[in-house]
Amino acid sequence: FSPNARFLAVGNRRGEVAVFDVEAAREVQSLRPVKSRVTGIAFSSDGSMILVAGEDKQIAEVDLLGGAVGRSVRTEKKIRSMDLSPDGRLVLWAGDDGAVRLLSSRLMPQEELSSSNLFKKRVFFAAFGIEGSEIFVAAEEGRSAFWALGEGDPVRQNELVRESYVAAGRDAEI
């Protein structure tokens, strides 16, 4: 959902994203910003743009006002999870190799977050905390970690996740 909850963006396995006006109950836009399964969608804080991640190792910016695909970046691994910081300055993505990466809002590489022996398999969920100063990551092997932005090592790890978990979500109010 967009920050004002008026619009909903939904992706499919062909890389298409449909944007719906929730109040009017109709589709207002359809685009194909990536070429494979959509693995993440994040609205900007003002709702004018979305970032779309795909298994094709691509993150693309979509201008909702102009209805066009803008900047994009190719990554070295399949993207399994992606989030945009609350202030819109950083993009977080994680993939198959267990590493977690940060990009600038202009989709330029910033930092890689890792810890020895923490994640070896696919990360299935990576998200910013509500203030954007902390990141939570959960991986396939049942491990999790919290990073404070600017810190090299996780501040907490191996909490909250069991090996059988495969998805996570967050409450935007917390």
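Phe125, Phe136 and Phe146 form one aromatic cluster, and that is a friendly place to start our walk. The structure is a predicted model, in which local features need pLDDT of at least 70 and side-chain atom pairs count only at pLDDT 80 or more, while totals for chains, interfaces and linings use all residues. Residues are numbered from 1 along each chain as its sequence is written, and side-chain values use heavy atoms, with hydrogens and water left out.

How do we describe two rings together? A pair of aromatic rings is described by the distance of the centres and the angle of the planes. Here, rings of Phe, Tyr and Trp (its six-membered ring) pair if their centres lie within 6.5 Å; planes under 30 degrees apart count as stacked, over 60 as edge-to-face and the rest as tilted. By this rule there are 2 aromatic pairs. One of them joins Phe125 and Phe136, a tilted pair with 6.2 Å centre to centre and 50° between the planes. This pair links distant parts of the chain, since Phe125 sits in strand β12 (residues 123-128) and Phe136 in strand β13 (residues 134-139), 11 residues apart. Strands (E, at least two residues) and helices (H or I, at least four) are DSSP runs, numbered from the N terminus.

Next, look at Phe136 and Phe146, which form a tilted pair with 4.9 Å centre to centre and 50° between the planes. Phe136 belongs to β13 and Phe146 to strand β14 (residues 144-148), 10 residues apart.

Now follow the strands themselves. Two strands pair if DSSP finds at least two bridges between them. The strands β13 and β14 run antiparallel and are joined by 5 bridges, and the bridge partner of Phe136 in β14 is Phe146. In the hairpin of these two strands, which has 4 residues between them, Gly142 takes a positive phi near 85°. On to the next neighbour: β14 also pairs with strand β15 (residues 156-157) in the antiparallel sense, over 2 bridges, and there Phe146 stands opposite Arg156. Because 4 of its 5 residues are buried, β14 is largely enclosed by the rest of the structure.

Let us turn to charged side chains. A salt bridge is a side-chain nitrogen of Lys or Arg within 4 Å of a carboxyl oxygen of Asp or Glu, and by this rule the count comes to 8. One of them brings Arg6 and Asp21 together at 2.8 Å, N to O. Arg6 lies in the segment before β1 (7-11) and Asp21 in strand β2 (residues 17-21), so the bridge ties together parts that are 15 residues apart in sequence. Arg6 is partly exposed at 35% relative accessibility, whereas Asp21 is buried at 5%.

Finally, visit Glu55. Its side chain meets that of Arg37 in a salt bridge of 3.9 Å, N to O. Glu55 is in the loop between β5 (49-54) and β6 (58-63), and Arg37 is in the loop between β3 (26-31) and β4 (38-43), so parts 18 residues apart in sequence are tied together. Glu55 also forms a salt bridge with Arg80, at 2.8 Å, N to O. Arg80 lies in strand β8 (residues 79-84), 25 residues apart from Glu55.

Terms used: Buried < 20%, exposed > 50% of the residue type's maximum accessible area, 1.4 Å probe, protein only.
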